[in-house]
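Here's a quick briefing to read alongside the model. Have the sequence and the 3D view open as you go.

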Protein chains: 2
Amino acid sequence: MLLGPGDDAAVLKAPDGRVVVSTDLLIEGRHFRRDWSSGYDIGRKAAAQNLSDIVAMGADPTALVVGLGLPADVGADWVDALTDGFRDECDLVGATVAGGDIARSETVVLGVTALGDLGGRTPVTRSGARPGDVVAVAGRLGHAAAGLALFGAGVTGGSPDLVSLLEAHRRPRPPYPCGPGAALLGATAMLDVSDGLLQDLGHVADASGVAVELDAAALPVPEALSAAARELGADPLEWVLTGGDDHALAATFPPEVRLPAEWTRVGAVTRGRGVRVDGQTWTTGGWDHFRA
Amino acid sequence: MLLGPGDDAAVLKAPDGRVVVSTDLLIEGRHFRRDWSSGYDIGRKAAAQNLSDIVAMGADPTALVVGLGLPADVGADWVDALTDGFRDECDLVGATVAGGDIARSETVVLGVTALGDLGGRTPVTRSGARPGDVVAVAGRLGHAAAGLALFGAGVTGGSPDLVSLLEAHRRPRPPYPCGPGAALLGATAMLDVSDGLLQDLGHVADASGVAVELDAAALPVPEALSAAARELGADPLEWVLTGGDDHALAATFPPEVRLPAEWTRVGAVTRGRGVRVDGQTWTTGGWDHFRA
């Protein structure tokens, strides 16, 4: 950061000569609840969500700027905790909070913009997947969705497995280094799984003009998800396939690429369109655009 | 723009190797009213406010990204008009809307982030003013404040003078080229007048460790402001000194600089602290921090 907060604008290094930028608006009650998450956790999550968009392009995050809308009932302690959350999440990737704006609002509103540097790499878009590519994921899938389902059912504690999922809802752990790493490995397409694996791979399939075939047995379903599914009478695979908010990365790679351990191969790119699981269109869960 | 909307992030050129970034959060009812301004005007104004922060650093705006919170009652026509407003204001400076995010919210919320390129110039901050510098302004002062006062008094039309002020409230006209121009002229400090000339020059005085002496007779008070002041029984000079939202630029220059016609010399930088008008601390209008 060359010039930080306190002027009309911040000045950041952009050594690549290109800058990657993404913005998200997070609204209390819709994207977070102050009774389920602390200010610190909300800061961590809001930062993570945006930093993840940057690494999903194959770039290194450099900075966040934050517009903060605050109701009168929010105290300075809460804002300090939020700020600490932003800072600590940024520290994970070497980014800084370069500036912001505060306004009065009815509910807490966060307008978060992340910037990143490509370090000479080609950005990895959604549109480069080719038939024959392998499909792989890095990071957790379905954990945040299971945690949200537990909160929704009134489960706010319990076994370490359940607590880990509640925590996953509060605070995602995106696999940050895997984004630039995938660009270096030659990923043909990549995105941040924020709407659920099926929906997000649908974006890759649409943008690339290909089909994606997933192998259900290859999808990671750890015991914590199974335990939560038993608790709630749910199907853990549905969380894995349709849950967002973990900010895993999904990418396609040429078949000859040797994937590091952080990546799990979960399927293949074929000719055609849409996303199928074990050859079937996934119909549970109400995702209309997967019913066609 | 190298990669536009539709992926996890946009990719923009940053040929200077540095990027200038500023963000603002605009909340319905606080920063704009849908009954006083059209969607198009709100888009123009939200864009102008952020583009102005970029030129106030001496940079050329390159792009905006916009997070848009929308209540259910807002129709597609309004959003289209807003988008047109953003685009048309960006067109004035050669910038583009590179991406965004839409969320459901209770009231309209705009999280706007602007990016810019310095083109090799040194950023002009608030902290470089030196005793002996001249103080100059470019753009309009007090017009938007007078327009807001007219709206507040129920005046929504009338003489061309009054209409021009109502219009100034709806749609600022920042003097965009004067920002990079001032950097080339050797401005020692500069900012976007968004909180009122006195308050904003107070920021320059504080950051630079100097005093600012304004000459009231040099401040531009066009007939439109006088006409509105007669209509409302107000003091036009107060609008000029304390009104924000026109997004004029205020800057300090070494005394030997020959200022182009766009800049009006309104005062001088001296040793000391604070901002005075004709040697007096301005006490009308309730600006506490100018009463000391």
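**Strands and the chain contact**

Let's start inside chain A: Leu214(A) sits opposite Val277(A) of β11(A). Keep in mind that this is a predicted model.

**Inside chain A**
- Strand β8 (residues 211-214) of chain A pairs with β11(A) in the parallel sense, with four bridges between them.

**How much of the chains meets**
- Chain A and chain B each put 49 residues into the contact.
- About 3,600 Å² is buried between chain A and chain B, and carbon and sulfur atoms give 64% of that area.
- On the chain A side, Asp8(A), Val21(A) and Leu25(A) lose the most area to chain B, together 19% of what that side buries.

**Polar links across the contact**
- There are 17 residue pairs in polar contact between chain A and chain B.
- The two chains also share four salt bridges.
- Asp7(A) forms a salt bridge with Arg126(B), with the closest N and O atoms 3.5 Å apart.

**What chain A brings**
- Elements giving two or more residues to this side include β1 (10-13), β2 (18-27) and α1 (39-55) of chain A.
- The largest share, nine residues, comes from β2(A).
- By type, the chain A side splits into 27 nonpolar, eleven polar and eleven charged residues.

**Strand pairing between chains**
- β2(A) runs antiparallel to strand β1 (residues 10-13) of chain B, joined by four bridges.
- Val19(A) has Leu12(B), in β1(B), as its bridge partner.

How values were computed:
Residues numbered from 1 in each chain as written. Chains lettered and ligands numbered in written order. Predicted model: local features only at pLDDT ≥ 70, side-chain atom pairs only at ≥ 80, totals over all residues. Heavy atoms only, no water. Pairing = 2+ DSSP bridges. Contact = heavy atoms within 4.5 Å. Buried area = accessible area lost by both parts, 1.4 Å probe. Salt bridge = Lys/Arg side-chain N within 4 Å of Asp/Glu carboxyl O. Polar contact = N/O pair within 3.5 Å; in protein donor to acceptor, adjacent residues only side chain to side chain. Nonpolar A, V, L, I, M, F, W, Y, C, P; charged D, E, K, R; others polar.
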